[in-house]
Amino acid sequence: MKKIICSIVLILATMLCLVGCGKFTCELCGEEKSGKQYKDELFGEEIVYCSDCHEELEELEEGLDELF
């Protein structure tokens, strides 16, 4: 009986983890992603983008900071 209850708890925990990490479409690269999403405002509209695009934007910002 312990094994059945433990199995049910593990299955429910796995399902909650999968539900918690919803998928979204990155508005910069257009790919469907899961995981952390970033929100920012661009020209008065809120955009949602993925962690890969966020890293690229950070690198671009650092490069621009070096120029100016």
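In the predicted model, Lys 33 is in contact with Gly 22, Lys 23, Phe 24, Cys 50 and Asp 52, when its neighbours within four places in sequence are left aside. This lysine belongs to strand E2, which spans residues 32-34, and, because its relative accessibility of 18% falls under the 20% limit, Lys 33 counts as buried. One of the residues in contact with Lys 33, Asp 52, is also its partner in a polar contact, made between the two side chains at 2.8 Å.

The strands concerned, E3 (residues 37-42) and E4 (residues 45-50), run antiparallel and are joined by six bridges. Together E3 and E4 form a hairpin with two residues between the strands, in which Phe 43 adopts a positive phi near 55°.

Because its relative accessibility of 74% exceeds the 50% limit, Met 1 counts as exposed. Met 1 also takes part in a nonpolar surface patch of about 630 Å², to which Ile 4, Ile 5, Ile 8, Val 9 and Leu 12 contribute as well.

Terms used
Residues numbered from 1 in each chain as written. Predicted model: local features only at pLDDT ≥ 70, side-chain atom pairs only at ≥ 80, totals over all residues. Heavy atoms only, no water. Patch = residues over 30% accessible without salt bridge, like charges linked within 9 Å, V, L, I, M, F, W, Y side chains within 5 Å. Areas by Shrake-Rupley, 256 points an atom, 1.4 Å probe, with all protein chains shown as cover. Salt bridge = Lys/Arg side-chain N within 4 Å of Asp/Glu carboxyl O. Buried < 20%, exposed > 50% of the residue type's maximum accessible area, 1.4 Å probe, protein only. Pairing = 2+ DSSP bridges. Helix = DSSP H or I, 4+ residues; strand = E, 2+ residues; numbered from the N terminus. Polar contact = N/O pair within 3.5 Å; in protein donor to acceptor, adjacent residues only side chain to side chain. Contact = heavy atoms within 4.5 Å.
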